[in-house]
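Welcome! Have a look at the structure below, then try the exercises with pencil in hand before you read each solution.

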Amino acid sequence: MNRAHRAAPMGNIKPKSKASNAPNSRNGSRARVRADASSALERSSMNNGRSAKRNLRTYEIPDYRLEHPEFQILQRVEKDRQGQEHVRYEVTGDLDSPVPPIRDSQYLDKQQAIQIYRYMLLNRKMEIALENLYKQGKVVGGVYFGLGQEACSCASAFALDKDDWFAPMIRNQGSLLVRGFRAADTMMQYMAKADSPTKGRDGTSHFGDIEKRNMVSPISMLGDLIPVMSGVALGARLQGRNIAVMTYIGDGGQSTGVTYEGINFAAVQNLGLVLIVESNLWAYSTPSNMQYRCKDLAERAIGYGIPGVIVDGTDACQVYDAAHEAVERAHRGQGPTLIEAKMMRMKGHAIHDAASYVPKSMFDFWRKRDPLARFENYLVKEKKWLTQKENDGMIAEVEEIIEAEREIAVNSPMPTPESAEGGVFCEEGCHEIKPKYGVPKGKKGSAAYKETEAAVHLK
Amino acid sequence: MQLTYLEAIRQGIWEEMAQDPSVFCLGEDIGIYGGAFKVTDGFIDAFGPERVIDTPIAESAIVGAAFGASLTGMRPVAEFQFMDFIGCAFNQISNMVAKTHYLWGAPAPLVLRGPSGGYVHGGPFHSQNPEMWFVHNPGLKVICPATPYDAKGLIKAAIRDNNPCIFFEHKYLYRRIKEEVPQDDYVVPIGKARVAREGRDLSIITYAAMVHTALEAADILKNEGIDLEILDLRSLVPIDREAIAQTVKKTNKVIILHEHSRTGGLAGELSAIINEEAFDDLDGPIVRIAGLDSAIPFSPPQEHHYLPKVEDVVRESRRLKAY
């Protein structure tokens, strides 16, 4: 068998980085911070034997963040003036710490960084347009936002190659733009228009494209995309290609059983899954400490036997670097990677939800860490890769694009009632199915069938 | 060549793997062990571990991975060790796989197959017939062969089909029936019923193991001058409405026979189809013979009581003939 059946123990990634610019490494259960810098992912798997005590195993989780805020969100009973009891969430922790700088990327050049910034702008402006369309009564149902998560969506998808696949979750509307979908596609989905990618049959980011953009449509149930994306990587590998398959899961969604099944399948089969765990602190109205007990979700990687890493999800450079390394591992056939991106969902679950259950101080903390404002400041003021004028010009250009896309979307007709019918099955001639990456390479076998005589489980 | 029902399925998958490199198998214990019932016995040696993949015990991952691979143009054949366990993957099948073509136009050419059915004292979790869960789920083809010839022809058709097919093998039939199966490459079209026995007096509409129960009853009733026609549906989705109407128009009396529980079972749907297609041709009430509305009990006397029997078909046929 030429396939490696076990996850490669080390991802020999790592160009050497400057010590000042390398991730810290945190012991999974003991929070030991390592100061030395090299090969964060390399060291992320089991590290036994070096320990002074042979019976104490330690595991390392590289942490790329430049700050490590600790929060506690607890339910507390409050009494109102009438003496009525109300249960509220209360947050305690590092809510006054200063905003850290953007960590310089080890991989992004100036042009690439600006491209990511432009996609983040498109993402933000598209969602503002969607909010307006909703307020004008043009949206059917609700609108979901990725506010505060644009760096995570855009920088992660930017790390993929053309032949790689991805599957977004509801808030990764920026990933769609990076992969070449138009803003009008998403807008028409929300407006249930005839020209939407699903021709009105589904809304939001629930669409896909297996021909050009290699996107699997999400479904509303969480975690189900993970085994599916693993299967995409399996299909490609059977055709002789190691591809990266990227998908996302939230701190809420990761609670599902199929999440475990999917990651474990990818781990056992050593498939190029790049799983971005978007720790955005709130799953609808439930805080993350009511979803899981471990300190950080990246620690889950230890249990799967795969590398796990923590990044600041509001820092596009950190997200890109971790995603890039994970994609490179996938291309080398070294298996899956779990990237936990820490950030905050800056709106309610959907537009109807004012998120009044979130303590205001949490919004205040994360508003200072707005990924778009931070990246703009980094490019314009710190790196001076964009002049103020260039930046203004780009913002104006993006606004023009979004307005044009909005026009297209608004002018698309509603589907006819009859268009609800048909297409349940792939009928004769509707699709030609052939392996996407060429003739599968597996053992051909022989047409000479051999009969078997075997025991039976139940007679 | 005389082949058992199991051997016919095995040969069908083998032939498809030999002629199409995009076909591969995945499932629990299907590799070196060859599967709990040995349907894939010897496959890993013939086709290699890349194409015959032992998976973790994780049905959602098996279906999800099969679906994902199908999106890249592969034709996966996923085994459930017992069809009872298909419930573990329900969301993948129902919400992911079944809706994909309708919603976003991606074909999912995959086969989910495995043993179902009672009469083997498998108990409540190894004897079920969960096909109706999927009949009521647009986007899936549901196939239930009764004979070795059909089993081979239908598994080959399912593998070549561009849609998700759920292939219910009946474990009671695996090694109990044998028939001549041609060695040439043939398929049985999905969605076409078969008249398993021509008759004049009344029609039994059924499928899978119950075809053989009906045939036994027909032999007994023949001596009493009652001539049964037996329609073997072969697939439940798509269902052969024309063949159903035809047999009702011919005999004017109909018994619907299935193994799974009565309430919400296929007989209710078939009664409605007969109502729509051939109401004026009926000369008697539509009779249902089905499993009890309970789990399938383990102990042989209880299981026997739960499941439809030859004597049930004989008794109901006499009653309906006299109506």
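## Exercise 1: Two crossing helices

α4(A) and α11(A) cross in a right-handed way. Keep in mind that this is a predicted model.

**Task.** Work out which term describes how α4(A) and α11(A) lie to each other, and find the residues that make their contact.

**Solution.** 
- Step 1: Start with the axes, which come within 8 Å and cross at roughly 40°.
- Step 2: Compare this with the cut-offs: angles under 35 degrees count as roughly parallel, and 65 to 115 as roughly perpendicular. The two helices α4(A) and α11(A) are therefore oblique to each other.
- Step 3: Find the residues. α4(A) brings A:Ala183, A:Ala184, A:Met187, A:Met188 and A:Met191, while α11(A) brings A:Ile402, A:Glu405, A:Arg406, A:Ile408 and A:Ala409.
- Step 4: Sort the residues of this contact by class: eight are nonpolar, none is polar and two are charged.
- Step 5: Look at the spacing of the numbers. Residues three or four places apart point the same way, because an α-helix has 3.6 residues a turn.

## Exercise 2: The surroundings of α4(A)

**Task.** Decide whether the residues of α4 in chain A are buried or exposed, and name the helices that they pack against.

**Solution.** 
- Step 1: Locate the helix at residues 183–191 of chain A, where nine of its nine residues are buried.
- Step 2: Read along the buried residues, among them A:Asp185, A:Thr186, A:Gln189 and A:Tyr190.
- Step 3: Find the packing partners: α1 (110–135), α3 (173–178) and α11 (388–411) of chain A.
- Step 4: Go just past the end of α4(A), where A:Ala192 has a positive phi of about 55°.

## Exercise 3: Where the chains touch

**Task.** Find how many residues each chain gives to the contact, and which helix of chain B supplies the largest share of its side.

**Solution.** 
- Step 1: Count by chain: 59 residues come from chain A and 58 from chain B.
- Step 2: List the helices of chain B that each supply at least two residues to its side: α1 (5–19), α2 (43–47), α3 (59–71), α4 (90–97) and α5 (100–104).
- Step 3: Pick out α3(B), which gives the largest share with nine residues.
- Step 4: Divide the side of chain B by class, giving 29 nonpolar, 20 polar and nine charged residues.

## Exercise 4: Confidence

**Task.** Find which stretches of chain A have a pLDDT below 50.

**Solution.** 
- Step 1: Begin with chain A as a whole, which averages a pLDDT of 90, with 87% of the residues scoring at least 70.
- Step 2: Read with care: where pLDDT is low, the predicted coordinates should not be read in detail.

Conventions. Residues are numbered from 1 along each chain as its sequence is written. Chains are lettered from A and ligands numbered from 1 in the order in which they are written. This is a predicted model: local features need pLDDT of at least 70, side-chain atom pairs count only at pLDDT 80 or more; totals for chains, interfaces and linings use all residues. A residue is buried if 20 or more other C-beta atoms lie within 10 Å of its own, exposed if 12 or fewer, and partly exposed in between; C-beta atoms are placed from the backbone. Helices (H or I, at least four residues) and strands (E, at least two) are DSSP runs, numbered from the N terminus. Two residues are in contact if their C-beta atoms, placed from the backbone, lie within 7 Å. Ala, Val, Leu, Ile, Met, Phe, Trp, Tyr, Cys and Pro count as nonpolar, Asp, Glu, Lys and Arg as charged, and the others, Gly among them, as polar. pLDDT is the predictor's confidence in each residue, from 0 to 100. Axes are lines fitted to C-alpha atoms, for helices over the stretch in contact, and angles run from 0 to 180 degrees between N-to-C directions. Angles under 35 degrees count as roughly parallel, over 145 as roughly antiparallel, 65 to 115 as roughly perpendicular and the rest as oblique. A crossing is left-handed if the near helix is turned anticlockwise from the far one by less than a right angle, and right-handed if clockwise.
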